[in-house]
Amino acid sequence: MVDVYNAVTFTIWLCGCNLKCPFCHNWRLAETKKDVCHLLDINLLIEEIDSAKSLIDYIHVTGGEPLLQWKNLIALFKYLKQQYNYKVSINTNMTLYKPLEKMIKEEIVDHVATDLKYPPQLLYGLPKEITNILWKQFLKSLRLIAEHFIPLELRIPIPKNIDYDSLILTIDNIAKILEKTNFYIIINPLLGPPITTPRNIKWCKIYCDPDKELLIMLREKIKELGIEKVYVRENLHFG
Ligand code: SF4
């Protein structure tokens, strides 16, 4: 009940990721460590989904970056939709434009969740040149979502000690791209230990655990942009 706002999901975490976010608390899974990753038994998965089907609003796939396995994922989504008519949601960092485009063209995605990781130079954990390319891919993917009117959960991870005016300006620009889309914003404070075990603890000491007042202030500033649906995530509930 925490992966998609206001919905119950059956959530599948896929291993591997193309980013190296320093705050990532799924980094073992993102790095495909053998103690947390294994081949998925599709028959077992279908059985599990079947046993929970009366409760599920969405089959939600997250990671890691699920679009790294786009071919198998498209096949799985098609099967789940054709056989069971499930609604499907994907949480992606949206930097892999082509796989996302292929998936959307198949008309098998009912809901997308993504992070607005800003500033990307700080949050992607990658060299500057690659970061700039991936940020452009992210913006292109947002346009794709908007063109296809796919409902979007835009999560904004909030670190401490960044330029918040610049963040608000970016949100304003993105809201213009999403103007005709059904989207809502989740303000997601970056949390450090002991609640999470981030990839880079030293980094997290500087940037994690922003004050609640900051989150409320950001929510109000975002609302002033004319965006009505803005929620603050506080641990496992929304305020
Ligand atoms: S936070 Fe998400 S996008 Fe970033 S490294 Fe972790 S799994 Fe990948």
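A: Start with Arg 155, which sits in strand E5 (residues 152-158). Strands here are DSSP runs of E with at least two residues, helices are runs of H or I with at least four, and both are numbered from the N terminus. The model is predicted, so local features need pLDDT of at least 70 and side-chain atom pairs 80 or more, while totals for chains, interfaces and linings use all residues. Numbering runs from 1 along each chain as its sequence is written, and side-chain values use heavy atoms, without hydrogens and water.

Q: Why is Arg 155 called buried?

A: Its relative accessibility is 9%. Buried means under 20% relative accessible area, exposed means over 50%, and partly exposed lies in between (1.4 Å probe, protein chains only). Arg 155 is therefore buried.

Q: What does the side chain of Arg 155 reach, and with which side chain does it make a polar contact?

A: It reaches the backbone oxygen of Asp 3 at 2.4 Å. Its polar contact is with the side chain of Glu 153, at 2.8 Å. A polar contact is a pair of N or O atoms within 3.5 Å; within protein, one must be able to donate a hydrogen and the other to accept it, and residues adjacent in sequence count only if both atoms are side-chain atoms.

Q: Which residues are in contact with Arg 155, leaving aside neighbours within four places in sequence?

A: Among them are Asp 3, His 60, Asn 91, Ala 113 and Asn 188. Contact means heavy atoms within 4.5 Å.

Q: Why is Thr 92 called buried?

A: Its relative accessible area is 2%, so Thr 92 falls in the buried class. Thr 92 lies in the loop between strand E3 (88-91) and helix H4 (97-105). A polar atom of its side chain is 2.9 Å from the backbone nitrogen of Met 94. Beyond four places in sequence, its contacts include Glu 65, Leu 67, Leu 100 and Val 112.

Q: Which residues of H4 are buried, and what do they pack against?

A: The buried ones are Tyr 97, Pro 99, Leu 100, Glu 101, Met 103 and Ile 104. They pack against helix H3 (70-84), E3 and H6.

Q: Why does Phe 138 count as buried?

A: Its relative accessibility is 0%, and that puts Phe 138 in the buried class. Phe 138 belongs to helix H6 (residues 128-147). Beyond four places in sequence, its contacts include Asn 93, Met 94, Thr 114 and Ile 174.

Q: Which residues are around the ligand?

A: They are Cys 17, Leu 19, Cys 21, Phe 23, Cys 24, Gly 64, Asn 93, Lys 117 and Arg 199. A residue is near a molecule or strand if one of its heavy atoms lies within 4 Å of it.

Q: How does this shell divide by residue type?

A: It holds 5 nonpolar, 2 polar and 2 charged residues. Ala, Val, Leu, Ile, Met, Phe, Trp, Tyr, Cys and Pro count as nonpolar, Asp, Glu, Lys and Arg as charged, and the others, Gly among them, as polar.

Q: Why is Phe 23 called buried?

A: Its relative accessible area is 10%, so Phe 23 is buried. Phe 23 lies in the loop between strand E1 (9-13) and helix H1 (27-30). Its C-alpha is 8.0 Å from that of Leu 191, although the two are 168 residues apart along the chain.

Q: Why is Asn 85 called exposed and Asp 209 partly exposed?

A: Asn 85 has 66% relative accessibility, so it counts as exposed. Asp 209 has 36%, so it counts as partly exposed.
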